[in-house]
Structures are given as C-alpha cells and as structure tokens.
Amino acid sequence: MVVLSPLQAELSAESNRLLATAASLSDADLAAPSLLPGWTRGHVLAHLAQNAASHLNLLTWARTGVRTPQYTSLQARAAAIEAAAAHPAARHLADIEEGSARVAAAIRDLPAERWSAQVEGMRPPPHPAWYLLVRRMREIGFHHVDLDAGYGPADWPERFVTRELHDCRACLPREGGTVSEVVLRNPDGAIVARWPRLGSGPAVEGAPAAMLAWLTGRSRGEGVTLVPMGRLPTPSPAALPAPPPWLSATAPADLPATPPEDYP
C-alpha cells in the first residue's frame with residue numbers, strides 16, 4: 001500500500017494551496033466571475049466544499065460496505081451549490097477547511113482492508129476506494145485554476161500533471177475523437193510520450209502541463225501546437241480543433257483492486 005502515503009501527502013499539499021488562495025479572497029472577489037461559464041468564484045468554492053462532503057459519503061461506503069451515493073442527485077448538487085455560492089468569504093474558507101480536515105481524518109481512519117472496496121461516483125465505472133484520493137485531488141487541482149485567482153496550470157505539481165494525463169488518456173473515448181495523436185515534449189523539445197491512434201483529425205503537441213490544460217478545458221490551447229500531416233507546426237490556438245471529450249468516466253476501467261506500489 002505504498003501509494004497511499006504519497007497520495008495523502010499530495011492531497012494535503014493541494015488542500016493547503018487551495019486554502020491559501022481561498023484565504024486571500026474577499027467577499028467582492030468571490031462575487032466576481034470564475035473561469036467556469038455562469039459560475040462566480042463563490043460557486044467554485046461552494047462546489048469544492050460540497051465535493052469534500054461527497055467524498056466522505058464514498059469513504060463511508062468503503063468503510064461500511066453500505067451503498068452511500070456520492071450525491072443524492074445531480075439536481076440536488078446544483079441546488080446546494082447555488083444556495084451556498086453567495087456566502088461570505090469567511091464562511092467559504094471555514095467550509096473548505098472543515099471539509100479538508102474531515103476528508104483527511106476519514107482517509108487516515110479507513111481500515112487497510114477497506115481500500116479495495118468498490119465504490120462509484122455519479123457515472124460509471126465503479127472503482128476501488130484508494131482511487132478516491134486521486135479523484136479529490138483532481139477536483140482541487142482543476143477547480144483551483146478555475147478560481148482565476150493567481151493559480152494556473154503552470155503551478156500544477158509535476159506528479160499531478162503526469163497522473164492526470166495518464167488518466168485522461170485512459171478515459172478518452174475511441175470514437176468521435178478530434179485529434180489523431182497527442183505528443184508530449186519536455187522543455188528542450190524531446191518527446192516524453194506519444195499517444196497514437198486517438199481518432200481522426202490532426203496531431204497536437206506541447207509540454208505536459210499545457211497539454212493537460214487544453215485537454216481539460218483549462219486553456220484555449222496556449223502552448224499546444226497543431227501539427228497537420230506534412231506541414232510545419234502551427235502554434236495558433238485558433239487553429240486547434242475542440243479537445244477530445246474529457247472525463248467521460250470518473251475512473252479508468254482497469255485500476256488495480258488493491259492499492260498499487262505507485263500510480264500511475
């Protein structure tokens with residue numbers, strides 16, 4: 001179960017970075033738009049607080065074996081976010097702090113044998129409970145960027161980028177893809193990974209964090225290059241197709257049942 005300790009440490013660090021940003025925001029800041037259409041920063045923080053509570057539901061399911069849905073319904077989730085979005089900054093910060101602490105305690109107290117228990121989010125497939133740490137970090141990492149409050153894709157830790165690219169590729173649908181290939185390059189231009197046979201359309205390339213931002217809708221494609229067959233790279237975001245569907249599943253379908261030595 002070696003992977004659990006580093007995942008817990010990463011989750012704690014991600015939570016602390018989010019809390020630092022939340023603590024810097026005023027009531028007026030939270031009323032301003034986020035990067036998510038139709039949502040203020042207050043909506044984003046309300047979602048993150050309620051997402052913590054939803055992970056507690058899934059950790060309870062893992063601990064007890066009794067099916068405990070992540071959310072009552074998508075409609076109830078949306079209504080709760082809307083109701084909490086206009087809370088004052090101090091209330092949002094307290095809710096995020098409390099949620100983070102309760103999730104950390106539930107993770108710490110889960111019996112070792114229950115990390116292989118199967119749980120399920122609002123969409124299939126079911127997955128082992130250890131993957132909840134990855135899912136919670138995903139929520140924090142991407143929505144921290146959505147706050148548009150000084151934290152961007154360049155601030156994502158390398159481990160986060162590597163893991164999310166791995167899972168993004170694992171969950172990409174093989175039909176209706178908008179690109180044929182993704183090529184990841186390090187800063188000196190060397191290829192570090194290549195994802196072939198993704199669908200129709202051009203190939204794209206870029207640095208890992210820039211590619212993850214584009215694939216997940218956190219950028220317009222800055223740092224991602226379109227490479228049509230037989231042509232020179234075209235670094236204009238306007239030339240890029242829409243990114244392939246992201247997060248079509250809440251987890252890869254082939255996760256190991258017991259916590260692995262490392263992930264990915």
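Biologist: Hey, where does arginine 197 lie?
Modeller: Arginine 197 lies in the loop between strands β4 (191-195) and β5 (203-206). Helices (H or I, at least four residues) and strands (E, at least two) are DSSP runs, numbered from the N terminus. Keep in mind that this is a predicted model, where local features need pLDDT of at least 70 and side-chain atom pairs count only at pLDDT 80 or more, while totals for chains, interfaces and linings use all residues. Residues are numbered from 1 along each chain as its sequence is written, and side-chain values use heavy atoms, leaving out hydrogens and water.

Biologist: OK, and is arginine 197 buried or exposed?
Modeller: Arginine 197 counts as exposed, because its relative accessibility is 71%. Buried means under 20% relative accessible area, exposed means over 50%, and partly exposed is in between (1.4 Å probe, protein chains only).

Biologist: What's the phi of arginine 197 like?
Modeller: The phi of arginine 197 is near 55°, a positive value in a residue other than glycine. Most residues other than glycine have a negative phi, and most peptide bonds are trans. Leucine 247 also has a positive phi, about 55°, and is not a glycine either. Leucine 247 lies in the segment after β6 and is partly exposed, with a relative accessible area of 26%.

Biologist: You mentioned peptide bonds. Which peptide bond from a tyrosine to a proline is cis?
Modeller: The bond from tyrosine 263 to proline 264 is cis, with omega near 0°. Proline 264 lies in the segment after β6 (224-227). The bond from proline 124 to proline 125 is cis too, with omega near 5°. Proline 125 lies in the loop between β1 (118-119) and β2 (127-128).

Biologist: Switching to helices. At what angle do α1 and α5 cross?
Modeller: Helix α1 (residues 4-23) and helix α5 (residues 89-109) cross at roughly 170°, and their axes come within 10 Å. The axes are lines fitted to C-alpha atoms, for helices over the stretch in contact, and the angles run from 0 to 180 degrees between N-to-C directions. So α1 and α5 are roughly antiparallel to each other. As for the names, under 35 degrees is roughly parallel, over 145 roughly antiparallel, 65 to 115 roughly perpendicular and the rest oblique.

Biologist: Which residues of α1 and α5 make the contact?
Modeller: On the α1 side they include Leu11, Leu18 and Leu19, and on the α5 side they include Leu93, Ile96 and Val103. Contact means heavy atoms within 4.5 Å.

Biologist: What about alanine 89, which residues does it touch?
Modeller: Alanine 89 touches Leu25, Ser26, Asp27 and Leu30, not counting residues up to four places away in sequence. Alanine 89 lies in helix α5 and counts as buried at 11% relative accessibility. Alanine 89 and aspartate 29 are 60 residues apart in sequence, yet 8.5 Å apart in space, C-alpha to C-alpha.

Biologist: And histidine 55, where is its place?
Modeller: Histidine 55 is in helix α3. Histidine 55 is buried, with a relative accessible area of 1%. Leaving out residues up to four places away in sequence, histidine 55 touches Gln70, Leu132, Arg135 and Arg136.

Biologist: Next, the inside. Which residues touch the most other members of the largest nonpolar core?
Modeller: Those are Leu45, Trp115 and Trp130, out of 40 residues in the core. A nonpolar core is a set of buried Ala, Val, Leu, Ile, Met, Phe, Trp, Tyr and Cys residues joined through side-chain atoms within 4.5 Å. The largest share of this core, 10 residues, comes from α3. Apart from this core lies another of 23 residues, Val161 among them.

Biologist: What does valine 161 touch?
Modeller: Valine 161 touches Trp156, Pro208, Ala209 and Leu212, not counting residues up to four places away in sequence. Valine 161 lies in helix α7 and is buried, with a relative accessible area of 6%.

Biologist: Last one: how many aromatic pairs are there?
Modeller: The count comes to seven. Rings of Phe, Tyr and Trp (its six-membered ring) pair if their centres lie within 6.5 Å, and planes under 30 degrees apart are stacked, over 60 edge-to-face and the rest tilted. Phenylalanine 142 and tryptophan 156 form an edge-to-face pair, 5.3 Å centre to centre with 90° between the planes. Phenylalanine 142 is in helix α6 and tryptophan 156 is in the loop between α6 and α7 (158-171), so the pair ties together parts that are 14 residues apart in sequence. Ring pairs link Phe142, Trp156, Phe160 and Trp246 into a cluster.
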